[in-house]
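Q: Could you walk me through this model, starting at the surface and then moving inside?

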Amino acid sequence: AEAVQGLLDQAPARADGRTWHEHSEVDKGHGRIETRRCVVCHDLGAIAQVLQDWPGVRSVACVQSMRQQVRAGRYAARGAEPAQQSWRYYISSDVLDAQTFNATVRAHWSIENDCHWVLDVNYREDECLIRRAHGPHNMATLRRIAQNQIKLDVGKGSQKTKRKRMGWSDDYLQGLFGLTPCSALQPQDPAAG
């Protein structure tokens with residue numbers, strides 16, 4: 001980790017667009033301004049010894065994020081919270097420029113926020129006490145099935161509200177899965193019709 005960090009710390013002086021790439025972008029939303037600076041290096045000769053345990057590594061990257069809170073359309077007033085900075089380091093088997101790498105990292109976090117965060121908040125997945133045999137895997141599968149079916153419902157209401165409604169109303173639950181109350185429990189009579 002220190003070798004990767006040391007290599008990427010040289011980036012400002014060496015960015016050439018061939019083996020070193022740098023890209024910055026600024027987003028405003030959710031009450032903050034976030035600046036993300038991504039540096040990618042494909043020339044790994046200086047740290048090849050360190051990376052020998054990871055065959056196939058073709059690039060290393062660092063994403064520096066700086067978040068500044070916004071107050072009434074302006075930067076936070078004096079004495080307010082200072083900007084928060086974080087650095088994340090990556091190794092990759094792909095050769096991407098900094099802009100593409102930054103977009104890939106953002107796409108990963110959108111999956112995390114869209115799926116795992118919802119499962120934790122709406123279904124309290126992290127608090128589940130089922131720990132034996134296939135129980136954890138079975139429950140995780142059922143949560144994901146329920147979440148996917150809820151996403152198919154285009155009606156009003158949040159996912160949390162729809163999840164509760166699934167528990168309260170058998171008709172709503174069966175409607176989400178395309179079942180009618182009778183067809184799910186009784187075999188179809190081929191002579192009837």
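Surface and core

A: On the surface, L142, I145, F177 and L179 make up a nonpolar patch with about 340 Å² of accessible area together. A patch here joins residues with over 30% relative accessible area and no salt bridge, like charges within 9 Å and nonpolar side chains (Val, Leu, Ile, Met, Phe, Trp, Tyr) within 5 Å; a salt bridge is a side-chain nitrogen of Lys or Arg within 4 Å of a carboxyl oxygen of Asp or Glu, and areas are Shrake-Rupley values with a 1.4 Å probe, for which only the protein chains shown count as cover for residues. This is a predicted model, in which local features need pLDDT of at least 70 and side-chain atom pairs pLDDT 80 or more, while totals for chains, interfaces and linings use all residues. Residues are numbered from 1 along each chain as its sequence is written, and side-chain values use heavy atoms, with hydrogens and water left out.

Q: Where is F177 found?

A: F177 sits in the segment after α6 (170-176), where helices (H or I, at least four residues) and strands (E, at least two) are DSSP runs numbered from the N terminus. F177 counts as partly exposed because its relative accessibility is 36%, given that buried means under 20%, exposed over 50% and partly exposed in between.

Q: OK, going inside, which residues form the largest nonpolar core?

A: That core has 12 residues, V4, L7, L8, W20, V39, C41, L44, I47, L51, V57, V60 and C62, a core being a set of buried Ala, Val, Leu, Ile, Met, Phe, Trp, Tyr and Cys residues joined through side-chain atoms within 4.5 Å. At least two residues of this core come from each of α1 (2-8), β2 (32-41) and β3 (59-71), and α1 gives the largest share, three residues.

Q: And what is C62 in contact with?

A: Leaving aside neighbours within four places in sequence, C62 is in contact (heavy atoms within 4.5 Å) with L8, R37, C38, V39, W87, R88 and Y89.

Q: Switching topic, how many aromatic pairs are there?

A: The count comes to one aromatic pair, using rings of Phe, Tyr and Trp (its six-membered ring) with centres within 6.5 Å, where planes under 30 degrees apart are stacked, over 60 edge-to-face and the rest tilted. Y90 and F101 form this edge-to-face pair, at 5.6 Å centre to centre and 65 degrees between the planes. Because Y90 lies in strand β5 (residues 84-92) and F101 in helix α3, the pair ties together parts that are 11 residues apart in sequence.

Q: Is F101 buried or exposed?

A: F101 counts as buried, at 6% relative accessibility, whereas Y90 counts as partly exposed at 22%.

Note on methods. Buried < 20%, exposed > 50% of the residue type's maximum accessible area, 1.4 Å probe, protein only.
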